[in-house]
Amino acid sequence: MTVYVKGVVFEGVDFDDPKHWGIEAYMARGGYAALKKILSTGMTQDEIIAEMKTSGLRGRGGAGFPTGLKWSFMPRSFPGQKYLVCNTDEGEPGTFKDLDIIVDNPHALIEGMIIGGFAMGITVGYNYIHGEVFEAYERFEAALEEARAAGFLGDNILGTNFCFQLHGHHGYGAYICGEETALLESLEGKKGQPRFKPPFPASFGLYGKPTTINNTETFASVPFIIREGGQKFLELGKPNNGGTKLFSVSGHVNRPGNYEIPLGTPFSELLEMCGGMRDGKKLKAVIPGGSSAPVLPADIMMQCTMDYDSISKAGSMLGSGAVIVMDETTCMVKALERLSYFYFEESCGQCTPCREGTGWLYRVVHRIEQGLGRPEDLDLLLSVGGNIAGRTICALGDAAVMPVQGMLKHFRSEFEHHIEHKQCLVPGF
Amino acid sequence: MVTSNQAPTLSAESQAQIDRELAKYPADQRRSALMSALRIAQVEHRWLSNELIAVVADYVGVPPIAAMEVATFYNMFDMKPVGKHKITVCTNLPCALSGGYQAADYLKQKLGIGFNETTADGKFTLKEGECMGACGYAPVLLVNNHSMCNHMTPDAIDKKLAELE
Ligand SMILES: Cc1cc2nc3c(=O)[nH]c(=O)nc-3n(C[C@H](O)[C@H](O)[C@H](O)COP(=O)(O)O)c2cc1C
Ligand code: SF4
Ligand code: FES
């Protein structure tokens, strides 16, 4: 798996070694040292959470919420069972980084979850794994066995009275289960339909118990922060955008793949690492943070650095770090049609604006693509979108609208051309 | 295969696998293992008939309707018979930019079927899929839900189909 490494999750992984994912190789590169440090030096829960806050680590699942702050919300003195859940339901089109983590460095995730369990006083965790990656689920289960055999998981970890059980849970094909409350419903063995919030998972989560949910990459960054210190992690990135991050680059580049680089790296440098544009074509546009992020045209993108603040200032979002690169041959109407179909297909159907609205958006974009569009269709799209966004139980509704708004903001003339001439400006795919 | 009116059964191996899943959850939350139990049953029987879903529900200890809800909600469960090998092609945007539709067209032409169809000899079923979380390795196919195949150019598809004979 192509991973360009200048970051904390994959540092030191020798991909040529067939057992690079195993516990021996992990420990040889400093693995489980953070957990040992906590248990042997008597580092307290407060100290761990303070370190997490210092690091500036923001959730890598899409929303970018500060992890230290999230961990501090967990009621530590709650008398009953509490749960820790990892979100490896990676299904946001363009994103394939968590897959590489559980395949190539699963112990970093496992160690990060054990530390999270310790910091929040949680004794049971689950990792919810995307349905389509069964072989990766098996790899994760094998890594869990290794960790149990080595005494890092289970009862009385490393001879202390700290206990933590961790299990893998395999999904079976539903994008919506990436949304954290849908994931909890699914983990309970139900349809993956998001819950109304509040209450938030920190008070009413899995089986109704306080629960903390983080993304795979978030947890996998924890061992470095505890081993090397939050300040060091922060300094790898830039203020308010601490650390390094995995970017999944797909589309029209010479070397698609995962690139783990410091936050704040200029997009132009990332593009160079990917070997530049495929067939020497010109860059047209980039979706910088997974399919839900508004598209940005080449000139704006080339001015951006890859971090939360820069991309958000440019009018989009860093999201999951999925960078979808499109060259001059890409028809934006076709691109949007395919994305709109995805949201229509994946809406769980609970809220009327999302269930009906995503279908409506798709049908209108589809008819424009088919050469049957009407001049008023573009305003219609924006108006339908306006009636979905902010009016639904979960953020899938907004996620369906943002690509439409982004496309019409930056490539409206291409849509108008389509409507007027009933065909593409460019060949498309 | 002998056809009979008897309810389908779960093999000892399937039961052992389901038991391993059940052990992961609190004793009063057996329902959490339902999705895995349905997956294991589907691997054994290739698709989920209503009768099989009821058997799984009974084994896990939930009402049949609860199992039916789960089976119909998640895309990878097959509620109708499928061929010996189910091939799902990802055509979402990132894959489409790197040959996803070409892979789909090649498969359609080679197998002589469209999406959601099965070859006359019952060997292959073709499906269109959404993002499988492997977009950097496009074109991507999933064989029988569990085996991910990357970089599926026409040559690679030929090779794969020959293996699946
Ligand atoms: C429709 C939808 C899909 C999502 N998919 C994912 C996903 O695949 N992986 C993920 O980690 N978070 C996903 N999220 C975000 C989660 O709800 C949640 O915010 C995240 O797992 C929290 O972890 P973090 O703070 O470490 O990022 C999704 C959210 C929505 C609304
Ligand atoms: S916004 Fe859409 S996906 Fe989210 S709960 Fe409502 S219907 Fe379901
Ligand atoms: S778009 Fe095909 S695997 Fe992600």
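Strands β1 (residues 85–90) and β3 of chain B run parallel to one another and pair over 6 bridges. Within this pairing, B:V89 sits opposite B:E128 of β3(B). This is a predicted model, and the features below are read from its atoms.

The β1–β3 pair belongs to an open sheet of 5 strands in chain B, ordered β2-β3-β1-β4-β5. The pairing across this sheet is mixed. Its edge strands are β2 (117–118) and β5 (147–149) of chain B. Each of these two pairs on one side only.

## Chain B: overall layout

Chain B holds 7 helices and 5 strands. Along the sequence, the elements come in the pattern α-α-α-α-β-α-α-β-β-β-β-α. The C-alpha trace of chain B spans about 50 × 35 × 25 Å along its principal axes.

One peptide bond in chain B deserves a look. The bond joining B:A138 and B:P139 is cis, with omega about -10°. B:P139 lies in the loop that links β3 (124–129) to β4 (141–143) of chain B.

## Chain A: a parallel sheet

Chain A has an open sheet of 4 strands, in the order β4-β3-β2-β5. Here the pairing is parallel. Strands β4 (165–170) and β5 (211–215) of chain A have a single partner strand each, so one side of each is left without a neighbour in the sheet. From one strand to the next, the twist averages 20°.

In the order of this sheet, β3 and β2 of chain A stand side by side. Strand β2 (residues 83–88) and strand β3 (residues 124–129) of chain A are joined by 6 bridges in the parallel sense. One bridge links A:T88 to its partner A:I129 in β3(A). Helix α7 (residues 134–149) of chain A packs on the sheet and touches β3 and β4 of chain A. The direction of α7 makes about 170° with that of β4(A).

Two loops of chain A carry backbone features to check by eye. The first topic is a positive phi. A:N156 is not a glycine, yet its phi is positive, at about 45°. This residue lies in the loop between α7 and β4 of chain A.

The peptide bond from A:P198 to A:P199 is cis, and its omega is near 0°. A:P199 is placed in the loop between α8 (180–187) and β5 of chain A.

## Ligand 2 and its shell

Which residues of chain A are closest to ligand 2? They are A:C348, A:Q350, A:C351, A:C354 and A:C394. In total, 13 residues surround this ligand.

By class, the shell around ligand 2 counts 8 nonpolar and 5 polar residues. It has no charged residues. The space taken by ligand 2 is the largest cavity.

## Chain A: the segment after α17

Where is A:G428 found? It sits in the segment after α17 (396–421) of chain A. Setting aside neighbours within four places in sequence, A:G428 is in contact with A:T329, A:T330 and A:C331.

A:G428 and A:R412 are 16 residues apart along the chain. Their C-alpha atoms are separated by 16 Å.

Terms used:
Residues numbered from 1 in each chain as written. Chains lettered and ligands numbered in written order. Predicted model: local features only at pLDDT ≥ 70, side-chain atom pairs only at ≥ 80, totals over all residues. Heavy atoms only, no water. Pairing = 2+ DSSP bridges. Axes fitted to C-alpha atoms, helices over the stretch in contact; angles between N-to-C directions. Contact = heavy atoms within 4.5 Å. Near = heavy atom within 4 Å. 1 Å grid on protein atoms, 1.4 Å probe; cavity = no way out; pocket = protein on both sides within 12 Å on 5 of 7 lines; lining within 4 Å. Sits in = over half its atoms within 2 Å of the grid points. Nonpolar A, V, L, I, M, F, W, Y, C, P; charged D, E, K, R; others polar.
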